[in-house]
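Work through the exercises below with the structure open beside you, and try each task before reading its solution.

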Amino acid sequence: MQYRELGKTGLRVSEIGLGSWGIGGTWWGGPQDENSRPAIIRAMELGINFLDTALVYGDGHSERLIGSILKETKQPAYVATKVPPKDYHWPPDNPNILKTFPVKWVKECVDKSLKNLQLEQVDLLQYHVWHKDWASQDEWKEAKEKLKAEGKILFFGLSLNDHDPDCGVDAVATGEIDCVQVIYNIFDQSPEQNLFPACRKHETGVIARCPLDESGLTGKLTSKTTFAEGDFRGRYFKGKRLTETVDRAEKLKFLVRDDVRSIAQGALKFVLSPPAVSTTIPGMRRSEHVEENVRASGGSPLSEDVLEELKKHAWPRNFYGG
């Protein structure tokens, strides 16, 4: 496993981290702890030291599972979690941050997360949504400073809205954001335009989420793939979306060569190619997912010719929108 600096935080995090939305179970057909628990343990055995979760993942289930494993194994790991918007609007539609992240709400949520995680301090706290107008407002700075002073958080960041990396550029420019989390993959390359340069300039860490496009970039879906009841991917890939995604993934088979054994590994190497990216957090609910994804770390990077070719495979769209 290779490690990178998380912006200016001084933390050295595994370039493959673990995303735990699916582990929470909500939107994924229910929790499967019998698979998720060994997957998390195996991830840490293989050098993954960055675990990303959120209070809303399974109404705290993801946090509680991670907390119990950390207590049981005593394995050191950096933990990032997220505060949900008080009005539960994804994405936010109110330009007044007090309606979404009042300081009292933020502190209450942090206390719940710390209890779930069985920790006294979380390494990185993120707001789970962001509105561009909030960058000039002071409430988030007040909450950040109070929580740091109380020793409940070490660093502060933002989880940017789906397919909207530019909503965080002004906040990054304040120099007060330690880290941003953003969708970045072969299909959505938009953070390269404005967000990544801003993060490099201000030494802001970058967590790349959805590197495999909710399994669309694994190369394992077919036009006949079905999803379990309650698995949100049934909606994400509804109608003609599944067939078109499979067709586009098929065109990425040229990635499989040399030490790249699968489209998924090639997709992860793509995400790790920009120097702005600190870590990426594929969801890994099974140990076999962990084994495959970890192999994307290290080895030869994708060549400049391959990266240039992958620019042609960008596919702007938003399947989260309905």
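**Exercise 1: aromatic rings**

In this predicted model, the count of aromatic pairs comes to 23. Classify the pair formed by Trp-21 and Phe-232 as stacked, tilted or edge-to-face.

Solution. The ring centres of Trp-21 and Phe-232 lie 4.8 Å apart, which is inside the limit of 6.5 Å for a pair. Their planes stand at 45 degrees, and since stacked requires under 30 degrees and edge-to-face over 60, the pair is tilted. As for position in the chain, Trp-21 belongs to helix α1 (residues 21-24), whereas Phe-232 lies in the loop between β9 (205-209) and α8 (233-236), so that the pair links parts of the chain 211 residues apart.

**Exercise 2: a charge over rings**

Find the rings over which the charged end of Arg-317 sits.

Solution. The charged end of Arg-317 sits over the ring of Trp-315, 4.4 Å from its centre, and also over the ring of Phe-319, again 4.4 Å from the centre. Trp-315 and Phe-319 are both members of a cluster linked by ring pairs, which includes Trp-21 and Phe-232.

**Exercise 3: a pocket**

Describe the lining of the second largest pocket.

Solution. This pocket holds about 170 Å³ of space. Its lining divides into 4 nonpolar, 2 polar and 4 charged residues, and helix α12 (residues 304-310) gives the most, with 3 residues.

Conventions. Residues are numbered from 1 along each chain as its sequence is written. This is a predicted model: local features need pLDDT of at least 70, side-chain atom pairs count only at pLDDT 80 or more; totals for chains, interfaces and linings use all residues. Side-chain values use heavy atoms; hydrogens and water are left out. On a 1 Å grid over the protein atoms alone, a cavity is a set of points where a 1.4 Å probe fits but cannot get out, and a pocket is an open set with protein on both sides within 12 Å along at least five of seven lines; lining residues have an atom within 4 Å of a point. Grid points are joined across faces, edges and corners, and a volume is the space filled by probe spheres set on the points. Helices (H or I, at least four residues) and strands (E, at least two) are DSSP runs, numbered from the N terminus. Ala, Val, Leu, Ile, Met, Phe, Trp, Tyr, Cys and Pro count as nonpolar, Asp, Glu, Lys and Arg as charged, and the others, Gly among them, as polar. Rings of Phe, Tyr and Trp (its six-membered ring) pair if their centres lie within 6.5 Å; planes under 30 degrees apart count as stacked, over 60 as edge-to-face and the rest as tilted. A charge sits over a ring if NZ of Lys or CZ of Arg is within 6 Å of the ring centre and within 35 degrees of the ring normal.
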